[in-house]
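Let's walk through this model together, starting with a helix and ending with the pockets.

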Amino acid sequence: MNGCNEMQIKFTEYLDGRLSGREMQSVAAHMESCPACAGEWKTLEQTQSLLAGLGPVPEPEDLLLRIRVAISHERARQRQTVFHTLSLAWKNTVGPFVLQAAAGFASAVLLLGTVIVLVSMFTQPESAQATADEPLGMATAPRFLYLSSVVGGNPIGDVSSPVVIEAYVNGAGQVYDYRIVSGPTDKATRAQVENMLLWSRFEPARRFGQPVPGLAVLSFSGVSVRG
């Protein structure tokens with residue numbers, strides 16, 4: 001029985017061809033003289049054949065969006081941790097020493113900005129002209145088309161406080177990442193935004209007539225979507 005156990009432990013490596021030639025001959029010779037191990041080997045072969053017949057598992061249509069969203073959440077969490085650490089270090093060390101210098105620098109920047117504005121008011125800008133090397137109208141931004149009727153749940157934002165996001169749209173007109181520009185950023189709102197984007201369809205950005213990835217700005221107010 002101990003010899004059978006040792007041989008059956010090697011069945012998986014024997015099936016994958018990971019044993020040496022001498023070990024494979026030893027396992028084959030044992031199965032010829034042991035009906036129990038031969039039956040166990042036949043069962044293992046049949047199981048592998050059935051699994052191979054199933055074929056590869058198709059990936060979900062929204063797998064790329066889910067991965068992008070997970071990466072975005074992890075980056076946001078890491079930024080918050082780093083920002084908190086740097087904020088404490090600033091408040092306890094550098095901040096008190098540079099406060100006066102910052103005030104003087106801000107005054108200088110304000111003065112410089114005023115001078116630039118005054119100069120630009122009295123300067124005639126050059127007129128823009130189209131040339132043959134720079135064709136106009138050959139690039140377009142993504143355009144929101146429709147939202148699937150299967151989307152349910154509570155509306156996002158309200159009339160007085162809409163949620164404005166930047167949606168990154170691929171060449172197939174699907175959102176693969178997003179960023180909330182203004183509005184609530186709590187977990188519930190993000191879940192609603194992700195669900196809404198998952199079922200949204202866009203006309204992709206185009207460059208010289210070919211679809212390319214692009215950026216679309218959307219505003220969710222109550223139950224309406226504005227692109």
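Helices here are DSSP runs of H or I with at least four residues, strands are E runs of at least two, and both are numbered from the N terminus.

A word on the source: this is a predicted model, where local features need pLDDT of at least 70, side-chain atom pairs count only at pLDDT 80 or more, and totals for chains, interfaces and linings use all residues. Residues are numbered from 1 along each chain as its sequence is written, and side-chain values use heavy atoms, leaving out hydrogens and water.

Next comes an open sheet of three strands in the order 1-6-7, with antiparallel pairing (two strands pair if DSSP finds at least two bridges between them). Strand 1 (139-140) and strand 7 (210-212) are at the edges, each with a single partner strand, so one side of each has no neighbour in the sheet. Two bridges join strand 1 to strand 6 (residues 205-207), and Threonine 140 stands opposite arginine 206.

Finally, helix 5 gives the most to the lining of the largest pocket, with six residues.
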